[in-house]
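Please look at the sequence and the model shown here before reading on.

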Amino acid sequence: MYVTLLVGSQQQLADGLPWLTRFADSTGYAPNAFVLGLDHRALAKRVELVLDECGPHGPIELVEAEVKSVVAKLLANKSRLLLMIDDVDDDRFQASVFEHCGVKTVWLGVKSPPPHSEKHIFSLDDAFGDTTNLISQRLLKTTTSLQLDHVWLTDADVDPDALVEKALELERQRCDEGDLIWIPFGPSPSTELHYPLARALLSATTKASIGLVSSQEGWDRSLLSQIRYWSSHVAEPMDRDLRLELATTLQEGSQPNLEFLGLISAAAMLAAFGLLQNSAAVIIGAMLIAPLMTPIMGAGLSLAHGNRPLFQTSLLTIGMGFVGAFVSSFLFGLLVRLVQQPVVTPEMWSRCNPSPLDFCVGLVGGMAASYARTRRHLSSALAGAAIAAALVPPIATAGLQTAFGAWHSTPQGWPVFGPLLLVSVNVLTIMIGTSFVLYARGLRIDTSLPGKSTNGSGKPAGNKWATRTMVSLITLVLLVLVWMMHLERLFL
């Protein structure tokens, strides 16, 4: 386990080194550092030389200057404490890391080395006295801290600008060189009243160092951190260039066009022929040419990105493909009626009585296809065939049965309605599975930029839409599954 210093310049290294070694000695964790920028090898070498002089330390690693990359690296590195030195030029990035980091974080405005006596440690509000004491004991091995004064940060009616002026005045009056003011935060600092005050003090104080400390993460953030940690060991998040390339490909492939319509119609007709002949080989061939994977993955990407226009475009393409496949198989069924007596074959009946287990094909196929699509050395064609297996034969079955006039339910299943139900739920499960995998692989909405917020909640509007849509889709699938299980018990 490590205490990690985030380094973006030699000045941050010089200011942060005394605090890094002090925190490491107090906590018992080994010190290490992340250097921002994959091309800053010279700075990384300098950091390694400086830490070598201080004693044993952890690895010095280069990390992309993105919030998601830093968070993923921290979790994979088993870091327990992140130390950031305030940089005015990089204030927005540091604020995003502080808000979204999955580990305990200290954001420091350094004016001097860390204090060695409780007489030099202050907090702003009596309400945070116990928390500040715990922070001092854990990070600096001190026993207590002093109150700067009664600056009531929890008062909802207080003017933030007035708080800044009062805090700065108290700092000038009571603090000396080498003093430290702790400002603790809960799991979501962006919702705290005193967050603007704390950020202002980072650069405005003249004597005391300012330490913003994120409190211990709650169970929900801890669980999310563990999930991200283990998922990063199964498959590391994609590089930024690969993510952009895949997102662009899926967006372009989700656009409706005649080529897509022609391929899906041909696949449905081929599947219809295989269903009539009870030929599994022909049905598999139809799956291989069906182009359904890309628009459904595009819908999954839109849920991960919070991209409503892409979701609407993908649904339009999926709907067009469904209509094309149904109409082509229906016309094929009418042609069959001209040359022979129509018969509903066992291959067709097998898709008229869907069960909850059948929907697992769509979920697993969608997850497999999306994972294969994010890994260049894996073939996505086979996974795409798994998606087509859950969609094309049922659509073709519904089209043929409509052409044959097979409407009445039998002990073997429910014609037309059964295959259509199977297709509809499989589309939803494929979307859900795809969005989860793409999110885990790094293709997710960027919540690290507060400036993108458009709904007044501090989160991007697309994030709220994506959450509502995902919950609605999962609820709909669960309702259908419960209804189907109820029907099974009735027929038994």
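This is a predicted model: local features need pLDDT of at least 70, side-chain atom pairs count only at pLDDT 80 or more; totals for chains, interfaces and linings use all residues.

Residues are numbered from 1 along each chain as its sequence is written, and side-chain values use heavy atoms, with hydrogens and water left out.

Helix α1, residues 10-27, has 18 residues and spans 25 Å from its first C-alpha to its last, close to the 26 Å expected at 1.5 Å a residue. Helices here are DSSP runs of H or I with at least four residues, and strands are runs of E with at least two, numbered from the N terminus. At Gly16 in α1 there is a kink of about 45 degrees, shortly before Pro18; the bend is the angle between axes fitted to the seven residues ending there and the seven starting there. Among the buried residues of α1 are Gly16, Leu17, Trp19 and Phe23, where buried means under 20% relative accessible area, exposed over 50%, and partly exposed in between, with a 1.4 Å probe and protein chains only. Just after α1, Gly28 takes a positive phi of about 85 degrees.

The model has 2 salt bridges, each a side-chain nitrogen of Lys or Arg within 4 Å of a carboxyl oxygen of Asp or Glu.

| Salt bridge | Closest N and O atoms |
|---|---|
| Lys73 with Glu61 | 3.2 Å |
| Arg351 with Glu347 | 3.0 Å |

Lys73 counts as partly exposed at 26% relative accessibility, and Glu61 counts as partly exposed at 22%, whereas Arg351, at 15%, counts as buried.

How values were computed:
The expected span of a helix is 1.5 Å times one less than its number of residues.
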